[in-house]
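Hi everyone, thanks for having me. Today I'd like to walk you through a few side chains, so please have a look at the structure with me.

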Amino acid sequence: DCGSSLAMMDGGVPIKAPAAGIAMGLMFDEKGEKFKVLTDIQGPEDHYGDMDLKVAGTREGVTAMQMDTKTYGLTWDIVQQTLKQAREARLKILDAMAAVIPAPRPDLSPYAPRIVTIKINPEKIRDVIGPGGKIINKIIDDTGVQIDIEQDGRVMITSNDAEGMKRAVKMVEDLTHEITPGEEYEGAVVRIEDFGAFVQILPNKDGMVHVSE
């Protein structure tokens, strides 16, 4: 719980609250009359003791418990004492965690796995795939992402590299963008004719600039 919460917050995952866990143990005397609740047990206390009760939660309360016991049940006094000590330990652990990182980082880690879904016109799917998968395979090779395309036009791009994801999204958007009057582009002149020049404004899309302009 502790390490997972810290890792997610460090990675920029917007969790609601950090969680911490503690393992509680139990020892009885030889007569089985007096008991001692142990906090933060390890292997020997688990092996020779009478209980292994893991309690996890946030500052607001318990979120999960799991118990192994060698007794025929627990008295209410034992339960109360165990949960009381578990809460005290949990709050101390959460204080120590907060001293390291008090809240999730505002931005997702550039190394964190991520998925972006783009909705395109289904008729544009062939423009992304290309003949024999040539275009989609080039995007994958150049950016290191994974791409899945559904027939309804959903393009799902998965990557653990923020920069690669950004490049792949732009490449797909450029391939599928539907140009409308009034948009402005900068591009390289790819062909000149007597009546004007052809300028590449998007991949596989050229626009003509008339000689009068």
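Let's begin with Phe-198: is this residue buried or exposed? In this predicted model, Phe-198 has a relative accessible area of 15%, so it counts as buried, the cut-off for that being under 20%.

What sits over its ring? The charged end of Arg-191 does, 4.1 Å from the centre of the Phe-198 ring.

Now for the aromatic neighbours. How many aromatic pairs does a search of the whole structure find? It finds 2. In one of them, the ring centres of Phe-28 and Phe-35 are 6.4 Å apart, and because their planes meet at 65°, the pair is edge-to-face; the cut-off for that label is over 60 degrees. Phe-28 is partly exposed, because its relative accessibility is 30%. Phe-35 is partly exposed as well, at 33%.

Our friend Phe-198 comes back here, since it forms an aromatic pair with Phe-195. That pair is edge-to-face too, with 6.1 Å from centre to centre and 85° between the planes.

To find Val-13, look in the loop between helix 1 (2-10) and strand 1 (20-28). Val-13 has 32% relative accessibility, so this residue is partly exposed.

Methods
Residues numbered from 1 in each chain as written. Predicted model: local features only at pLDDT ≥ 70, side-chain atom pairs only at ≥ 80, totals over all residues. Heavy atoms only, no water. Helix = DSSP H or I, 4+ residues; strand = E, 2+ residues; numbered from the N terminus. Buried < 20%, exposed > 50% of the residue type's maximum accessible area, 1.4 Å probe, protein only. Phe/Tyr/Trp six-rings, centres within 6.5 Å; stacked < 30°, edge-to-face > 60°. Lys NZ or Arg CZ within 6 Å of the ring centre and 35° of its normal.
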